[in-house]
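This briefing concerns one protein chain. Please examine the sequence and the structure shown below before reading the points that follow.

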Amino acid sequence: MISKKKIKNSKGKDLTREAYNDIRKMIFSNELKPGQKIPYRRMAEGLNMSLTPVVQALKHMEFMGLVRHEQNKGFFVDKVTPQEIDEAYKLRSIIEPKMLAQTILNLDEQGEKKIRIALDEYIEACQKGSLKLKLVKDIQFHMSIAELSGQNLSILILKYLFDFLYLRFGQELIFSRPSEDSTDAHTAIFNAIKSKDIETAAKVLEKHIKDIHKNALDGIQERLSEADDIIF
């Protein structure tokens, strides 16, 4: 059982959460790659904290399936498998459309503005051509819709799924094709939500998730095939 005790410094800062967020950023930015051993002792020194909060953060990530622990060897960033990608996207295709109906029922002017801002920021990120920024704004767009549903458990599960997909599988796998751009799909989803058209919004969202699901699977299969073909 993972301890839920929070370790705080003299200023009341949650050091375990700070360590978790820093490790998360390192995985997302590819500073830590699949299969790589996590240098948690050096991390603790770099974060100017003891080993305890860093290890607790890694144990939490292990529980979530984001890293792997090997006895007497340490923690490792786990490698990707097509089956896990498939399962994660299938879960998204179940959870997100079901939350959407409640989001539309709860929608007010402030909620519509929140989704509109998230859409505009995603479009701007696509225009800038930054893959990392595009990934962040993609998550924010989908979470802005989900959070308006008020379904807290589903929101928590969806946050976990995004961490699982974007950390475990990396941006080079999820958006394996540089030309992939979800601007049209995001815009169509927003327009249907704005019109309070639950049926159309759900259909567009389901197709959008299905398309990126296929691209993710195609991407990992291509990458695995390329790795098999490399001979030194």
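A crossing of two helices is left-handed if the near helix is turned anticlockwise from the far one by less than a right angle, and right-handed if clockwise. The structure is a predicted model, in which local features need pLDDT of at least 70 and side-chain atom pairs count only at pLDDT 80 or more, whereas totals for chains, interfaces and linings use all residues. Residues are numbered from 1 along each chain as its sequence is written, and side-chain values use heavy atoms, with hydrogens and water left out.

**Packing of α6 and α9**
- The crossing of helices α6 and α9 is left-handed.
- Helix α6 (residues 131–147) packs against helix α9 (residues 183–194) at an angle of about 15°, and their axes are 12 Å apart.
- The two helices α6 and α9 are therefore roughly parallel (angles under 35 degrees).
- Asp138, Phe141, His142 and Ile145 of α6 meet His186, Ile189 and Ile193 of α9, contact meaning heavy atoms within 4.5 Å.

**Overall fold**
- The chain has 10 helices and 2 strands; helices (H or I, at least four residues) and strands (E, at least two) are DSSP runs, numbered from the N terminus.
- Of the 232 residues in the chain, 41% are buried, that is, under 20% relative accessible area (1.4 Å probe, protein chains only).

**Confidence**
- The mean pLDDT of the chain is 85, on a scale of predictor's confidence in each residue from 0 to 100.
- Among the elements of the chain, α9 has the highest mean pLDDT (96) and helix α8 (residues 171–174) the lowest (53).
- Where pLDDT is low, the predicted coordinates should not be read in detail.

Definitions and conventions. Axes fitted to C-alpha atoms, helices over the stretch in contact; angles between N-to-C directions. Parallel < 35°, antiparallel > 145°, perpendicular 65-115°, else oblique. Buried < 20%, exposed > 50% of the residue type's maximum accessible area, 1.4 Å probe, protein only.
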